[in-house]
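Here is a short note to read beside the model. Please keep the sequence and the 3D view open as you go through the points.

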Amino acid sequence: QVFDNQGNFIRMFGAGVSGNGLGFTAPTAIEVDSFGNVYVVTQEGLQIFNEYGQPISYGSIEGYVKDKSTNVQLDNAVVSISSTYRVFYTATDEKGYFRFNSVPQGDHTLIASRNGYQAGNVNLFVNGGFKTTTTIYMERTGVGQSGVGNISGKVISSLDGDPLSGFTASVKGLGIADH
């Protein structure tokens with residue numbers, strides 16, 4: 001049974017609700033997660049329902065964030081997925097890859113953001129028990145053309161602090177605005 005904050009009855013699901021086909025015997029534990037999903041442990045095993053009593057399952061989402069014009073994978077982009085009760089965040093790795101585990105089945109919107117880019121988004125459907133893959137493309141904002149500059153410094157030993165020789169350093173990115 002579902003009640004509001006004042007204790008007023010809203011709805012019920014499971015055993016005793018005629019015609020809904022959602023039954024369970026002898027529930028021994030119940031928990032509600034940040035999405036509003038209800039977990040019920042019964043003699044039949046673990047059953048998961050959304051806030052309206054419909055059975056659900058979880059899938060995963062993984063993919064890449066890329067520059068729309070160059071198709072270069074973007075590291076350190078923040079990717080978010082929002083749901084009924086909570087927003088989840090992750091960041092892309094050095095290859096532009098991200099992953100969300102345990103996403104409830106249903107429609108979701110992913111939004112990617114990164115300094116120097118317009119936010120990109122994608123709408124997708126997650127099927128319970130399956131992996132959904134996607135790519136989010138982002139367009140560079142008007143940060144200007146990449147510049148030319150100099151970087152100087154020393155490579156030093158972490159053991160004794162003495163300078164080391166024979167090393168080459170490089171700057172990785174799409175332009176000086178990235179660093």
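Which backbone nitrogen does the side chain of T92 reach at 3.0 Å? The points below start there.

1. The side chain of T92 reaches the backbone nitrogen of N76. The distance is 3.0 Å. A polar atom of the T92 side chain also lies 2.9 Å from the backbone nitrogen of A77. A polar contact is a pair of N or O atoms within 3.5 Å; within protein, one must be able to donate a hydrogen and the other to accept it, and residues adjacent in sequence count only if both atoms are side-chain atoms.

2. This is a predicted model, where local features need pLDDT of at least 70, side-chain atom pairs count only at pLDDT 80 or more, and totals for chains, interfaces and linings use all residues. Residues are numbered from 1 along each chain as its sequence is written, and side-chain values use heavy atoms, with hydrogens and water left out.

3. T92 sits in the loop between strand 8 (87-91) and strand 9 (97-104). Strands are DSSP runs of E, at least two residues, numbered from the N terminus. T92 is buried, because its relative accessibility is 4%. Buried means under 20% relative accessible area, exposed over 50%, and partly exposed in between (1.4 Å probe, protein chains only). Not counting residues up to four places away in sequence, T92 touches several residues, including V65, L74, Y97 and F98. Contact means heavy atoms within 4.5 Å.

4. The structure has 4 salt bridges. Each is a side-chain nitrogen of Lys or Arg within 4 Å of a carboxyl oxygen of Asp or Glu. One of them joins R99 and E62 at 2.3 Å, N to O. That pair links strand 9 to strand 6 (residues 58-67), 37 residues apart. E62 also meets K131 at 3.7 Å. Here strand 6 is linked to strand 12 (residues 131-138), 69 residues apart.

5. R99 is partly exposed at 34%. K131 is exposed at 51%.

6. There are 3 aromatic pairs. The ring centres of F3 and F9 are 6.0 Å apart with planes at 75 degrees, so this pair is edge-to-face. Rings of Phe, Tyr and Trp (its six-membered ring) pair if their centres lie within 6.5 Å; planes under 30 degrees apart count as stacked, over 60 as edge-to-face and the rest as tilted. F3 is partly exposed at 42%.

Note on methods:
Helix = DSSP H or I, 4+ residues; strand = E, 2+ residues; numbered from the N terminus.
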